[in-house]
Number of protein chains: 2
Amino acid sequence: MSDSSKTKQQVFAFEEGDGKNKKLLGGKGANLCEMTQIGLNVPPGFVISTEACLNYLATPHNGLPRELLDAIHAEMKVLETKTGKRFGDAKKPLLVSVRSGSAMSMPGMMDTILNLGLNEQTLAGEIAQTGDARFGYDTYRRFIQLFGKIALGVPDELFDKEMNLVKQNRGIKEDLALNADDLKEICAHFLRVVQEQTGKPFPTDPYEQLDLSVKAVFDSWMGKRAVDYRREFRITPDMANGTAVNICTMVFGNRGNDSATGVGFTRNPATGENHLYGEYLVNAQGEDVVAGIRTPKPLDYMAKEMPDLFRQLQELRAKLEAHYHEVQDFEFTIERGTLYCLQTRNGKMNTTAMVRSSVEMEKEGLVTRKQALLRIAPESLAQMLFPRLDPNAGATPLAKGLPASPGATSGHAIFDADRAEEQGKAGKPVILVREETKPEDIHGFFASRGILTSRGGKTSHAAVVARGMGKPCVAGAEGIEVNVTLRQATIGETVINEGDIITIDGTTGMVYLGVVATLEAEITPELNVLLGWADQEARLAVMANADTPDDARRALHLGAKGIGLCRTERMFNASDRLPIVLEMIIAEDRVQRQQALDRLLLIQRSDFKGLLKTMAGLPVTIRLLDPPIHEFLPAEQQLIREIAELQHLYKTASGMQILSSTLELLQGEELNSSNAAQIRTSTIDAHIVELAIGKKQAILKKVRALHEVNPMLGHRGVRLGITFPEIYIMQIRALAEATVECVKEGLDVHPEIMVPQVCTSAELRYVKNYVEQTIADVEKSTGIRAKIKFGTMMEVVRACVRADSLATEAEFFSFGTNDLTQATFSFSREDAENKFLPAYNEKDVLHDNPFEVLDTQGVGRLMKLAIEGGRASRPNLKIGICGEHGGHPASIRFCHQIGLNYVSCSAPRVPIARLAAAHAKLSEG
Amino acid sequence: MSDSSKTKQQVFAFEEGDGKNKKLLGGKGANLCEMTQIGLNVPPGFVISTEACLNYLATPHNGLPRELLDAIHAEMKVLETKTGKRFGDAKKPLLVSVRSGSAMSMPGMMDTILNLGLNEQTLAGEIAQTGDARFGYDTYRRFIQLFGKIALGVPDELFDKEMNLVKQNRGIKEDLALNADDLKEICAHFLRVVQEQTGKPFPTDPYEQLDLSVKAVFDSWMGKRAVDYRREFRITPDMANGTAVNICTMVFGNRGNDSATGVGFTRNPATGENHLYGEYLVNAQGEDVVAGIRTPKPLDYMAKEMPDLFRQLQELRAKLEAHYHEVQDFEFTIERGTLYCLQTRNGKMNTTAMVRSSVEMEKEGLVTRKQALLRIAPESLAQMLFPRLDPNAGATPLAKGLPASPGATSGHAIFDADRAEEQGKAGKPVILVREETKPEDIHGFFASRGILTSRGGKTSHAAVVARGMGKPCVAGAEGIEVNVTLRQATIGETVINEGDIITIDGTTGMVYLGVVATLEAEITPELNVLLGWADQEARLAVMANADTPDDARRALHLGAKGIGLCRTERMFNASDRLPIVLEMIIAEDRVQRQQALDRLLLIQRSDFKGLLKTMAGLPVTIRLLDPPIHEFLPAEQQLIREIAELQHLYKTASGMQILSSTLELLQGEELNSSNAAQIRTSTIDAHIVELAIGKKQAILKKVRALHEVNPMLGHRGVRLGITFPEIYIMQIRALAEATVECVKEGLDVHPEIMVPQVCTSAELRYVKNYVEQTIADVEKSTGIRAKIKFGTMMEVVRACVRADSLATEAEFFSFGTNDLTQATFSFSREDAENKFLPAYNEKDVLHDNPFEVLDTQGVGRLMKLAIEGGRASRPNLKIGICGEHGGHPASIRFCHQIGLNYVSCSAPRVPIARLAAAHAKLSEG
C-alpha cells in the first residue's frame, strides 16, 4: 500500500466517510458523515480516523506523523473552499472545533476544543466582520482557556481565578455582564497565565494550534479518566479502540439575539412522551448549556420566541427519527437565523421512557416488535420496579430541584467524589452532593446511590450521567448552597453536615432530610404491552420463587407462569410456628414429636392450599425442608447468657418484682397459660423460673448435639429426609391433602415436590417411596388420588455428574445455582464475600462475583453435563433454575442457550426475566 | 431341549464333570472332578449341578423334581457298580456323604451330611463286615445327629444333651471312652429325640434320606447364614449362584488304628515355609479335626507313626502343587491303610506366607512372576505392616494358646457374637472370646479386631476364618475357662469380666491383660523381592505423603519413589513453632509480622533441606499452606475461660504465691525472659498478669475476626496466599534457599511447589509470579537459580472442569480426593460421618463411605474430565493423586485405568500401593 493511500484511509470529509463505520470514524464522526449525507445542515468538516490515533499511539514519537499532518492540512484547504473563509486569515478567518469521538459513547470522557484558529489577527478579522467586539473577545478568552487546559496542560483554576478577579474588580456576578473591554483584559491575563505556566508564548500559528489539539485528543484516549471509564464499563478494544478526531467549521450561537445554542431529545427522555424536548440558550455557545453555568429555557418556549426556527427544529426531529428509528439526542446551533445540526446520537432515557417510546414507535411503524424489545436492556427495568416515595409519608421537602433522573433513594450526604467512593466502597449508602459535577467526578457516581446538584439543568453533566446509570438525580436545586470546604450544605436555616442522611426523589425533584418511607413501583400499561410481546417471543417460561400466598399473588401480577420454588422452611420460621418447630426438635420421644408434627401438618396444609388456589392452572413447586434443623434453634451464646440470667434470678426469686428484660425472656417461652398470666402480673415464683431454665437447658443440649463444623455441607436437605423421615412425610401429606381439598373444590392445581441436596438416585427413590405411600394413604381416606410431579434440585455437583441416573427417578430438574456455585468453587458464600472475594475482584483473580454472575465456564459446564445426562435418560425432562441467577439477564441468556425450560426468580425480577427471556430468543442469530 | 438332556446336564460323575466349570459344579464339585481326572485317589461320586439347585429354588414345589431324582438314583446305581456295594444293602451297604459347594469358597457356610445310607439293617451289615460294633454305632449316632439337624431341623443341643447324659451316667469325659453299648444307647436316644421333635420316626429308606439331604443342601443356599455371608463379602449372582451337591462314597478314618483323618497344607500357611503342614487324628472322622473337639497331632509326627502313608502324603502334596500351581489346603482320610484325597482347595494363608510362597514358587518354576504377584491381594499386605508387640513392653502373659493368625491387637473382651457385633458397630475395639467358634458366630468375627478361643487347633473354625480375614487369632488357649452365662473368663485366680481390655498376639499365641505397647512391622526379604517385581510391572509410580525428614526416610525404606505431598502446615503445628505462628497471626503491623515470618523462614528452610537431602534424586512436592489460619489459634471457649481465670487472679494478685495451673497458663505465654524468671519463682505481680490478659484478649479478638461459617469452604489455601502473600512468599523463599543450599552441596534435588484449593488459572498465575520473583531474588544473592516445578492440587470441582485452562500454568496436577469428594457430594466429612453416613450405609442409600472408597462414578468422572482437559492443553502433564484414596487398591486400579502417572499415600501404605499398581497393570487384560 502506498503512503498516500495509507494516509488517505486516515482522514475523511463528512461527505465521504462511511456513516456505519463507527470503529474507524468513531460514533460522533460516523454520525457527522451520516448526517451530512442524509441532507441535514451540518457545518462542513472532516474526520481523522481511530486508525490514525492507534497508529500515533503505537509509534514512539514527539508529534503527529508527517503524512497525517499533510492529509489534515489538505482537508483544511478543502474546508476553506467550502466556506469561503481562510484558516488564519485576518479578514475572513476560518475557525474550527476539534472534538474527540470513539466507537462507544463515552460522555464527557474525551476533551474538546472550540474556536480553534483564533489569534490577534484573526480575532481582529472576526470583530471587523461581525462588528461585535464583545463576541470576539468572549470567543477568544474561551479558546485560550480550553486550548490552554487541554493542549498545554494549564490548570483550569488559574483561568477561573483571573476571570473572577476581573469580575470582582468590576463588581460583576454574571459572565454576561462583562463588556468587551473586560473580556479583552481577561484575554490578556489568560495569555499571561499561559506564558507563565508553559514558559512560552501562546501559539499564534493556527496550524500549530490544530496540530497540538489533534495530538491532545489522541493522548486523551490513554488519559486516566478514559482508562477508568473503559475499565468500569468493561469497554474492550474490540468494542472501541482509539478515538477519532472531528474537525468541524465553527458556527456561533453567541452572535447576538438571532443566535442560540441548544440540545434536544426527539422524545421526552424522562417519560418517553412523543414531544420535542430540550433546552436552549440565546446568544451562547453549546458548552454553556452542558456545563449548566446559565439555566437554559425549555424548547417549548422557542415556539414563541423563534417560531420559524422552532418549525425547522421540528422538521429536523422528524428527519432524525425517520432515519435512525431511534430516539435522538441532538445538539444544534443557530447562527444568525440559520439552524445547524452539530451532533446526534441515540438518546439516553430512563426505562419508563424507553418502554413507552418502544411501544409508541412500534405503533407509529418506526420500529418492529423485535427492535422495540431489543432496544431495552432487561436489567434496566429494575428502575421501573424501584421503590418510590410513599405519598402518605407526610415528609416535608427541604428543597426542590429539577427531576433529572427518576427514582427515590436515601443516603449519607457526601460532598466530593473521592470521599463518596471511599464511603461507598465501605458499604455505606451515599448521596453525592455537588454544586455541579464534572467528568472528573465519575468515580463518585459509581459509588453513590443518587446525585444532588445545586446548579445545572436536566441536560447537565450530572443529569445525563445519572440517567445513564439509572440512578436517581435531582439537579439544579438552587436553594441549596454547597460549601465543600466546610463540608456542609445550607438551605435557609437548615445545615446538612457531611454524613447526615438525606432522601432525594429524582421523579419529583424533591430533597428531604432523613429517611423517607418508599412504596413499590407499579407496572405501566406500556410495560404490560411490551412484556406481553416478550412472552410471545420467549422460549423460556418465567416462574417465581414464592413462599406465601401473598408472594404468589404478587408474582402472578408481575406475570409469573407458576411457582418454581417454594421454600417450606420459611413457613416454619414465622414467629407463630417457630415454637412448634422447636418442640418438634427437642421432643424426647416419638409421641411428643408426632404431636408437634401434627400441629405443623395443619399449618402447612393450609399454606399449600393457599398457594395452590392462588396459582390454579399453573405449577407450584414445593421444595421439602432444606436447611439443617439447628438453624431453627437459638444461638449457643444467647442461650448461655439467658440461662445465666435466669439462674441469677432463680437464686434470688420468690414472688418478687422482676426486671422487664427478664420478663421478656420468660414470655419468649411457651409456658402454659396460667404461668403466662403470672408473668403478666410481673411477679414470679422460683418454680416457673426453674421450668424455664430446664427448657432452655434442653434446647442448649440440642444445639450442642446438632452443632456442625460445616453446616453448608452438613446434615440437611434430603439427608434429613432420610434420617428423620417424619418431617418429610408430614410435608408430603400436607401437600397431598391440600391438593385433594383443591380438587374437591373443582380447582385445576399442579403441585410438584422437589427434593433438595440430592447427590444420588437412591436418595430420590427413598423419598419417592414416601410420596407414593402417602398419596395412596390419602387416596384411601378421601377417595381422591393426588397427582403430584416429583423432581429434584440440582445443587450438588455429584447430581450434575450423575444426572442420567437421577432422571430415571425425577420428572424435573431445578438447578440451585447458589449452592452449586458454592460447591463448584469450594467457596462458602458468607465467608467468601466477607473474607476474600473483594480482594479477588480487586486483584482481578475473578472478574465477577460468581454468586451474582453465573460462572458459565465452571458451574455452567456442570449444568450442561446435567442436561445432557438427564435428557439422555428422560427425553422430555423438564429443566429449570431457581437460584438467584435465575433473575439475571446474562444468566438467563445462558439458560436459554443450554436448553432450559424455565427460570424461576424473586417476584420483583419477574418482568426483567420475561424481557431477558425474549432477548435470549431474539438474539439467537 | 428334551427333558432327559436337560436332566443330563444336572448330574455329573466325577469322571465326566468339567473341572474348570465352578459356576456349574461349584468349587468343591469341580475340584473332585478335576482330582479324579488327574489320577488322585478320590472316593467315587458325582455332582448335582448349581443349575439343578436354581431350577429347584425357582419353582414352587414340595420336593425335588422327578427328573432330577431319576438322574440321581441312576448315578447311585453307577456308584454301586464302582464300589461293589449296594445302597441300603444289609451286607455290603454303600454309604455316602452329601456336601454343598458353590462357585465361591464360603467356608462353613453350607451344611454337610456324612454316613448317609445307614439304618438298622445297613448298620448291622457294616458291623458284620468290619467286626467293629463300636465303630458302627459311633458312625450311626453321628449320622442321626447330622441328618436330624440339617435335613429335619432338630436342634443340635438336644442331641448333645442326650450324649452328655450318657457320659455323665458312665462317668466319662472323652467321647473315645464310650464303648459300643454306650453308643448304641445314644443312638436309641437320638432316634427318640427325632421322633419327639418331628412327630415321625427317623427315615430308614436310604433313598428317602438321600432325597431329603439334597433338598436340605439346596435350601441352605437361601439360609440366613449364607445370605449374610454373601452380603458381607459382596458375593453377587454373577460370582456364585446356587450351590452344587456332591455325593461321594464314604471312606472312614475311624476304622481303627490303621485309619486316620486329617487336613494338610502343601506349605505352612503361617510362614509360607516349603514344608508339608497339617494335623491328623488316628481313628477319627474329619469333623473331629475341624471342630477342634480332640486336639490333633501335627503331620510331622506321622512320619514316625505311619511312615509309608506319610510318604504317600508327600507324593500327594507334590502332585497337587504341580497341577494347581498354588498352595493347596486338602483333606484326606486313611481307611485301613489306604489314602484317599477328599478335597483340595487353594490354601488360605496369612500374607507373610503368601509372599514367601510366591517368591519361592516362582524360583521353583511353579508360578510365573505375574502369577506370583497376582495371587497376593494388595490390601492383605497391611497384615505384614501391622504392629507387633513391643518385646520391651515387659508385659507378662496371662495365658498361652496356639498362634493361629498373626498380628497383635487389644480390645474389650466380649463373650458372644451378637454383643461383639453390637459393640463393634458402636465403634468399640472388640476381641471375641469363645470356648470355640461356629459358623453361626461369623457376624461376631466381622465386628472384632481379634479372636481368642480356649479350645481347638490351628485349623479350627476360629483359626481358619480369622486367617482369611487377616485378623489376629489365638486358638486353644486351654488355660482359659470361658463362662458365657457369667460373662467372664477365668485364668487361675484372674478373672476377665466382659468389657475388660485384653491384648492377644496371634504371632506368639500369648494373651495379656490390658493394653500392651506395639511396634511397627518390618519388611521381610521376600516382600522386598516381590515389591521389586511389582515396581518392574507397574506403570503408576508410588510416592508417599511425608511431612518430616523422618517420615521421608521411612517412606524411602518402604520403596516410595518420591514425596507426593508434604503438608507444610504440619511443620507449623509443632509445639516449638506454634508460638511463632501465633505471633505472626496477631501481629499488629507489618514489621512485627515480618519478624515472625523471618523466624519461620529459617525453620522451614531447614525442614525443606532435610526433606530434599533425604529424597535426593527424587521429587519432593511441597504444598503451600492449606488450612485456614484460625486453625492455628486456640478455641474461643478455652480463651474465654483462661482470660476469666487470669482476671480473677489479677483482682487479687500482688507478689503472692499462685496456683500451679495458673502458673502453667502464664508459662504457655511467650513472656520475656525476666518475666519468665519471675514466673519460675512462683510469685507474680499484677503487671505481668495484665500483660498476659492483654495478649490473650488480642488472640481472642483475632479468633473472633477469623471465625468462619463453613471453614472447609472458607479462607484457606491459595485464597490465603493471595490475600496475605507474605506467608506463601516466605514458604517459597525457604524452598528456593533450601534448594540452592543443596545444589551447593552437590545434591541432585527435585523440589516441586503445589498450590492448594485452586479453582481458576488466575490464582495459579498469581502464585507463579511470587515463585518466579523469589527464585530471581535468590539467584541474585546466591548466583544459583533454583529449578522448581510448579503445579496445583485438584481438589476443587471447578479446577476439574477448567483443567484445560489450569494446565496452561501448572506443570503437574495432584488430585486431592478428600476435599474433592466433600465438594462433589456436598458432604462435610466430619459432619457426614457423625450425622448421616452411618444411616446412609445402613439403608443402602450409599453402599460405601466415599471417603474410604473412591466414588468412581461421581468424583471419578470429574477426575476423567480433568485429565482430558489438562492433557489437551499440556500433553506431557504429570498427574497424580495425594488424597487418602491414593493408598487403596481399588482406587489405585481406577487411577491406573484413567491414566494417572503416580499415586501418593501415607508411608505405611506404600508397599500396598506398589503391589496394587502392579496388579492394575497386570490385570489390564
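The sulfur of Cys53(A) lies 17 Å from the closest cysteine sulfur, that of Cys33(A), which is too far for a bond. Cys53(A) is also buried, at 0% relative accessibility; buried denotes under 20% relative accessible area, exposed over 50%, and partly exposed the range in between, with a 1.4 Å probe and protein chains only. The model is predicted: local features require pLDDT of at least 70 and side-chain atom pairs pLDDT 80 or more, whereas totals for chains, interfaces and linings use all residues. Side-chain values use heavy atoms, without hydrogens or water, residues are numbered from 1 along each chain as its sequence is written, and chains are lettered from A and ligands numbered from 1 in the order in which they are written.

For Cys882(A), the closest cysteine sulfur, in Cys895(A), is 11 Å away, again too far for a bond. Cys882(A) is buried, with a relative accessible area of 5%.

In chain B, helix 9 comprises residues 206-220; helices (H or I, at least four residues) and strands (E, at least two) are DSSP runs numbered from the N terminus. Eleven of its 15 residues are buried, so helix 9 of chain B is largely enclosed by the rest of the structure. Among these buried residues are Tyr207(B), Leu210(B), Val214(B) and Phe218(B).

In chain A, Asp441(A) occupies the loop between strand 15 (430-434) and helix 18 (442-447). Asp441(A) is buried, with a relative accessible area of 7%. Neighbours within four places in sequence aside, Asp441(A) is in contact (heavy atoms within 4.5 Å) with Ala417(A), Arg434(A) and Glu436(A).

Technical notes:
A disulfide is a pair of cysteine sulfur atoms within 2.5 Å. The expected span of a helix is 1.5 Å times one less than its number of residues.
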